[in-house]
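Below is a short briefing on selected features of this protein, arranged by topic for reading alongside the sequence and the structure.

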Amino acid sequence: VLTLEKGNAGTFFGIAGFYEPMTVVRFEFTKKSISQSTPVSSRINTLTVTLQATVELSAADNSTITLSNLTGAVVNASQSLVLSGDAEGKFCMAGGAAGNAAWIAETRSVELTLCTGESLPANSEAVFSFEITNPPAAQDPPTIRIKTRGAVAIIDPSDMAVASSPVLGIAGGSLPLLVVVPRYDRKQIAQ
């Protein structure tokens, strides 16, 4: 007869009861949404991201979050994005100050690295925003993807959730990187 005894009921990467026998946890984002402030071409556009994972993402784990397929986004040559929002101070560029993310032009991606000593606790919501400039030409919204890589916390690539709400009277204007070029529907002059 084999008897199993309860092990250490502590936490592992923010997962309570991780050491309990038969505990199975899927590392995933339970929230992963992105929206935009404007669909108008050539305008500064604020992209807002909301994340929540089932596992703690931490600097100790070398956790890096990547948002990819930001097709059409125009970013200045500095290759750095300034973050705002509740979670802004948790991210740093390599050797840089808090509140920044790296823009990877070749892959149209944003790379977020947690600052030394920082973490995003498991099952806690993190919200941050950054600015890009919309391209000059109209485009349909791309499918933006998210993934995480760390020593332990690995979350495979998946599509981010988007909500289709009107912005500036444009149907679906909240869809990230949906871009429209303003035009007149009717031109009229009278005297």
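Predicted model: local features only at pLDDT ≥ 70, side-chain atom pairs only at ≥ 80, totals over all residues.

K90 has a relative accessibility of 25% and therefore counts as partly exposed, and K90 is joined to E118 by a salt bridge whose closest N and O atoms are 3.4 Å apart.

**Salt bridges**

- A search of the whole structure finds four salt bridges, among them the one between E118 and K90.
- Another salt bridge brings together the side chains of D159 and R145, with an N to O distance of 2.6 Å.
- Because D159 belongs to strand β14 (residues 155-159) and R145 to strand β13, this pair ties together parts that are 14 residues apart in sequence.
- D159 is partly exposed at a relative accessible area of 39%, and R145 is likewise partly exposed, at 30%.
- R149 forms a salt bridge with D156, where the closest N and O atoms lie 3.9 Å apart.
- In that pair R149, at 34% relative accessibility, counts as partly exposed, whereas D156 is exposed, with a relative accessible area of 53%.

**Strand β4 and its partners**

- Strand β4 (residues 44-53) is mostly covered, since seven of its ten residues are buried.
- Strand β3 (residues 29-36) runs antiparallel to β4 and is joined to β4 by seven bridges, and within this pairing S33 stands opposite T50 in β4.
- β4 also pairs with β12 in the antiparallel sense, over eight bridges, and here T48 stands opposite S129 in β12.
- In a regular strand the side chains alternate between the two faces of the sheet.

- N134 lies in the loop between β12 (126-133) and β13 (145-149).
- Although N134 is a loop residue, its relative accessibility is 1%, and N134 therefore counts as buried, the cut-off for that class being under 20%.
- Leaving aside residues up to four places away in sequence, N134 touches Q36, T38, P39, V40, S41, S42, R43, N45, G72, V74, L177 and V179.

Note on methods. Residues numbered from 1 in each chain as written. Heavy atoms only, no water. Helix = DSSP H or I, 4+ residues; strand = E, 2+ residues; numbered from the N terminus. Buried < 20%, exposed > 50% of the residue type's maximum accessible area, 1.4 Å probe, protein only. Contact = heavy atoms within 4.5 Å. Pairing = 2+ DSSP bridges.
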